[in-house]
Amino acid sequence: MTRINVTVDGVKYSDEVEPRTLLVHYLRETLGKVGTVVGCDTSNCGACTVHLDGRSVKSCNVLAVQADGHEVTTIEGIGSGGELHPMQKAFHENHALQCGFCTPGMIMQAIDLLKDNPDPSEHEIREGLEGNLCRCTGYHNIVKAVAAAAKAGE
Amino acid sequence: MTAVEDRPATEIGTRRLRKEDQRLITGRTRWTDNITLPGMVHLAMVRSPHAHATITGIDTSAAAQAANVIAVYTAADFPEGLGVCANAWPITPEQVTPDHLPMVGDRVACAGEIVAVVVARSAAEAQDAAELVDVDFEELPAVLDAMEAMKDEVLAHPSKGTNKSAFWQLDSAAAGTGGNVEEAIAAARADGILIERSYRQQRLIPAFMEPRSTVVDPTGEQVTMWTSTQIPHILRFLIAATTGMSESKIRVIAPDVGGGFGGKLQTTPEEFITLAVARRLGKPAKYTETRSESLLSGHHGRDQYQKLTLAATKDGTVTGLKVELVANLGAYIAIVGGGVPVLGAWMFNAIYKFPAYQFNCQTVLTNTTWVDAYRGAGRPEATYAIERLMDELAAEVGVDPLTIREKNWIRHDEFPFTSVAGMTYDSGNYEAATARAKELFGYDELRAEQARRRASGDPVQLGIGVSTFTEMCGLAPSRVLGSLSYGAGGWEHASIRMLPTGKVEVVTGTSPHGQGHETAWSQIVADRLGVPFEDVEVLHGDTQIAYKGLDTYGSRSLVVGAEAVVRAADKIIDKAKVFAAHLLEASADDLEWGAGRFHVKGTDKGVGITEVALATFASHNYPEGVEPGIDADATFDPDTFSFPHGTHLCAMEVDTETGQSRMRSYVCVDDIGHIINPLIVEGQVHGGLVQGIAQALWEDAIFDDNGTLVTGSFVDYTLPSAADTISFVTENTTSPSTTNTLGTKGVGEAGTIASTPAVVNAIVDALRPHGVHDIQMPCTPQRVWRALQSARSTHPGSTDEGSLQ
Ligand code: FES
Ligand code: FES
């Protein structure tokens with residue numbers, strides 16, 4: 001067991017974890033942050049995407065110990081003061097989700113995408129979301145939502 | 001009543017943003033795997049790596065001693081059985097149906113079958129210990145391919161003596177719905193056009209994004225099961241029917257469910273095993289599959305060989321269609337596994353006026369993952385075949401693919417139309433949908449560009465793919481299902497409760513998992529009862545709350561389920577009218593109903609339905625001889641199916657040097673009857689399109705010669721990403737269905753059904769001048785390239801490379 005100190009969604013935690021524990025399992029099972037989900041076992045689906053020090057990572061691909069001393073933001077921590085994050089709003093307004101399973105990861109990735117490129121073309125949005133799979137929406141409205149969020153942020 | 005005045009004149013037809021979204025976008029979703037209960041144990045399954053093997057011994061001792069392992073069970077530990085994964089639709093009385101037990105003790109018939117279960121304090125510990133279970137297998141020869149299975153040389157279940165499960169036929173001459181197909185074929189052979197083709201529907205995996213998960217709490221008087229299923233009601237019934245548990249002691253809850261597409265229309269071994277373990281230990285138990293387990297052991301879809309013979313006169317008028325299918329069921333017949341290919345029986349003839357028709361379906365057992373419904377279920381397979389054939393016929397006659405379709409389709413003034421398969425299509429307008437699609441697509445311009453590229457020998461050719469599909473939705477009239485030996489009915493139930501504070505609770509027997517029923521049902525009820533959208537709460541997916549229902553699949557929820565909601569609402573209005581008359585001291589005959597209020601004709605006196613609800617709650621003053629309450633429920637059983645249709649047009653650019661293809665544009669105009677929420681409809685169409693396009697271009701579940709699933713992870717089973725797809729143009733034309741009050745037809749599967757042939761037709765259209773007339777799906781660059789090479793090395797017009805031999 002290794003002790004880690006990590007800030008998740010603005011709250012400081014200190015826990016003993018097994019060295020092999022994945023960040024996503026630490027979030028879900030130890031902290032009860034079940035907003036972040038697991039969709040695969042090969043780091044392909046992106047459902048588990050969170051931000052580590054502000055950059056998106058697949059939390060199934062990061063060990064909990066690697067988050068020691070760092071700051072993690074999940075889908076549960078992006079809104080502020082009861083307000084939705086603009087990307088959450090954009091997903092809602094553009095019907096960019098159906099079952100919603102891919103949504104937390106998709107939103108976290110989309111936020112990171114706009115951070116890199118505040119005014120992306122459709123092509124750039126599509127490339128930027130390549131690591132996140134959605135089986136419901138056909139991506140059409142997800143792409144639209146990200147473009148809308150970019151426009152709103154201008 | 002201000003809220004009422006603020007709301008749109010009608011909710012139906014407006015682009016209401018979904019009620020469901022708030023929890024989904026903020027991570028407050030209730031997935032089954034999120035549930036943690038006191039003392040909960042975790043399960044890991046030990047699965048067969050072999051496709052077919054005898055189990056000669058299982059040593060669980062090392063696993064049992066591993067850290068925090070509570071128990072290890074094999075089938076022998078459950079002499080009373082664990083229930084049965086039932087087949088609810090034996091397609092013939094003689095159907096050969098192997099028993100499908102959740103856990104096997106003597107022989108495995110496919111890879112992934114469960115032979116033991118490890119129970120531990122954590123999922124990780126259970127998974128580690130599962131590795132320590134030592135199973136001795138003696139491998140048996142396995143049969144994997146449906147055509148191989150037909151030979152009966154290697155048997156999937158040796159004790160059955162054959163792999164052939166059932167043969168099912170529909171013959172229009174015998175049924176009296178049309179002529180003799182053999183005569184039509186003979187006539188065409190003598191003096192007409194005969195198109196004979198073989199197509200392959202590759203095997204697909206539904207690949208819903210939420211892996212399946214089950215939590216069982218046995219600690220109360222009732223056993224509660226949370227599970228990621230499309231069918232909580234059917235599951236409860238089948239648990240009771242196959243385990244002997246009292247139905248009233250089982251509560252099944254489908255909390256938020258992350259997609260299904262038919263893939264969660266099943267009663268699974270994992271559900272039965274989790275239930276048995278929880279009951280055995282008296283502790284809550286959870287099992288969540290890994291993605292690899294999901295891809296291997298969740299049921300698969302499609303997997304058909306199709307042999308088709310289309311007869312026509314020389315001018316391209318169709319005269320007959322003969323369909324011969326061999327459908328791979330996998331190792332066991334899933335809940336509706338045998339019936340899925342049979343659903344095609346009414347769809348191969350599609351929108352065309354075939355005078356003679358015969359449908360033959362042979363189902364076979366193999367040592368592969370079981371096969372069952374996947375979005376469209378039987379209808380995409382049929383639509384693919386007929387829409388590919390119509391293109392072939394057009395090529396043979398030398399006319400545009402749309403011309404040949406128009407020549408043969410049912411004209412809008414011919415509805416209602418009884419098809420050669422005996423189905424009565426209530427409404428449709430293929431001309432209107434096609435005209436609009438052509439306009440949006442820029443059909444003529446793209447044809448002109450195609451001609452230019454052909455003339456200039458452009459290495460990148462342009463292909464235009466057409467698919468004018470129909471489907472049957474709204475499963476299903478109970479009597480029809482009964483005549484097909486289906487094990488259940490097809491009705492749907494709803495109840496509506498008028499709460500004293502003016503809020504309305506709608507309980508539906510459908511079980512949404514992404515479709516947005518909460519929003520759409522609220523719109524319907526808001527209009528019907530004249531209450532604000534926000535005041536309607538839709539409850540579902542819990543057998544204790546929605547005690548009666550037949551769940552969500554087959555594009556049935558709106559057409560059947562929402563019609564039950566409408567009828568319950570109408571009953572409430574009827575009941576409330578009696579109270580309103582009493583409160584207003586008027587005769588019920590003098591009351592007018594509108595916008596949520598009863599008015600006394602010719603006066604300004606009136607009372608709102610929510611006021612009536614409050615009055616019945618108090619019940620201080622109500623008429624003699626009626627019960628004090630206006631809540632109502634309704635069960636709706638449709639008389640017939642509904643028949644959405646549409647015209648889909650796809651432009652593909654195909655690089656004749658590399659075989660790479662790229663989608664340039666995709667336009668679809670679907671006629672799905674009246675639309676409740678255009679936003680939701682568009683979403684359904686987009687998602688459906690990509691699933692259908694993925695069949696055409698990318699997805700393929702492949703087993704190696706040993707029966708190991710090669711495409712057993714998302715590395716190899718290639719779901720499209722955003723980078724692989726484009727934005728679509730979707731529109732609607734409307735010819736209302738006459739089979740339900742709202743005039744709706746269903747939209748859940750349309751995109752998937754229509755798009756696959758549109759894409760393949762486009763690729764073939766691009767390459768036809770190069771002598772290519774078929775490419776087997778998925779049309780990978782390699783297959784396209786090979787088809788071109790083969791066509792070049794022989795001569796134009798005669799390639800079979802890349803197509804089914
Ligand atoms: S769970 Fe699929 S990428 Fe992390
Ligand atoms: S909304 Fe269901 S997987 Fe994306």
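Colleague: Where in chain B does B:T510 lie?

Modeller: B:T510 sits in the loop between strand 20 (504-508) and helix 17 of chain B. Keep in mind that this is a predicted model.

Colleague: Why is B:T510 called buried?

Modeller: Its relative accessible area is 0%. Buried means under 20%. The value for B:T510 falls below that limit, so B:T510 is buried.

Colleague: What makes the link between the side chains of B:T510 and B:T508 a polar contact?

Modeller: The distance is 3.0 Å. The cut-off for such N or O pairs is within 3.5 Å, so the pair B:T510 and B:T508 qualifies. The side chain of B:T510 also makes a polar contact with the side chain of B:H517, at 3.1 Å.

Colleague: Which residues does B:T510 touch, not counting those up to four places away in sequence?

Modeller: Among them are B:E492, B:W521, B:H540 and B:D551. B:H517 is on that list too.

Colleague: Let us turn to another residue. Why does B:D527 count as partly exposed?

Modeller: Its relative accessibility is 23%. Buried needs under 20%, and exposed needs over 50%. The value for B:D527 lies in between, so B:D527 is partly exposed. You will find B:D527 in helix 17 (residues 517-529) of chain B.

Colleague: How far is the C-alpha atom of B:D527 from that of B:A109?

Modeller: They are separated by 53 Å. Along the chain, B:D527 and B:A109 are 418 residues apart.

Colleague: Is B:N87 buried or exposed?

Modeller: The relative accessible area of B:N87 is 18%. That is under 20%, so B:N87 is buried. B:N87 is in the loop between strand 3 (69-74) and strand 4 (107-108) of chain B.

Colleague: Which backbone oxygens does the side chain of B:N87 reach?

Modeller: The backbone oxygen of B:A334 is 2.9 Å from a polar atom of that side chain. The backbone oxygen of B:I335 is reached at 3.4 Å. B:N87 is also in contact with B:Q95, B:T97 and B:G337, among others.

Colleague: What makes A:D9 and A:K33 a salt bridge?

Modeller: Their side chains meet at 2.8 Å, N to O. The rule asks for a Lys or Arg nitrogen within 4 Å of an Asp or Glu carboxyl oxygen, so the pair A:D9 and A:K33 passes. The pair links distant parts of the chain, 24 residues apart. A:D9 is in the loop between strand 1 (2-8) and strand 2 (11-17) of chain A. A:K33 is in the loop between helix 1 (23-30) and strand 3 (49-52) of chain A. Both A:D9 and A:K33 are buried.

Colleague: How do you know that B:E270 forms a salt bridge with B:R212?

Modeller: The closest N and O atoms are 3.8 Å apart. The limit is within 4 Å, so B:E270 and B:R212 count. B:E270 is in helix 9 (residues 269-281) of chain B, and B:R212 is in the loop between strand 8 (193-204) and strand 9 (213-217). Both residues, B:E270 and B:R212, are buried.

Colleague: Are B:R411 and B:E414 buried or partly exposed?

Modeller: B:R411 has 40% relative accessibility, so B:R411 is partly exposed. B:E414 has 22%, so B:E414 is partly exposed. Their side chains meet in a salt bridge of 3.6 Å, N to O. Elsewhere, salt bridges that share partners join B:R47, B:R212, B:E270, B:E289 and B:E293 into one network.

Colleague: How many salt bridges does the structure hold over all chains?

Modeller: The structure holds 61. Three of the salt bridges found lie across the interface of chain A and chain B. One joins B:D128 and A:R20, at 2.8 Å.

Colleague: How much area do chain A and chain B bury between them?

Modeller: They bury about 4000 Å², 57% of it on carbon and sulfur atoms. In chain A, A:H92, A:H95 and A:R135 lose the most area to chain B. Here 42 residues of chain A are in contact with 51 residues of chain B.

Colleague: How many disulfides are there over all chains?

Modeller: The count is zero. A disulfide needs two cysteine sulfur atoms within 2.5 Å.

Colleague: Is the cysteine A:C102 buried or exposed?

Modeller: A:C102 has a relative accessible area of 6%, so A:C102 is buried. A:C60, at 14%, is buried too.

Terms used:
Residues numbered from 1 in each chain as written. Chains lettered and ligands numbered in written order. Predicted model: local features only at pLDDT ≥ 70, side-chain atom pairs only at ≥ 80, totals over all residues. Heavy atoms only, no water. Buried < 20%, exposed > 50% of the residue type's maximum accessible area, 1.4 Å probe, protein only. Contact = heavy atoms within 4.5 Å. Buried area = accessible area lost by both parts, 1.4 Å probe. Helix = DSSP H or I, 4+ residues; strand = E, 2+ residues; numbered from the N terminus. Polar contact = N/O pair within 3.5 Å; in protein donor to acceptor, adjacent residues only side chain to side chain.
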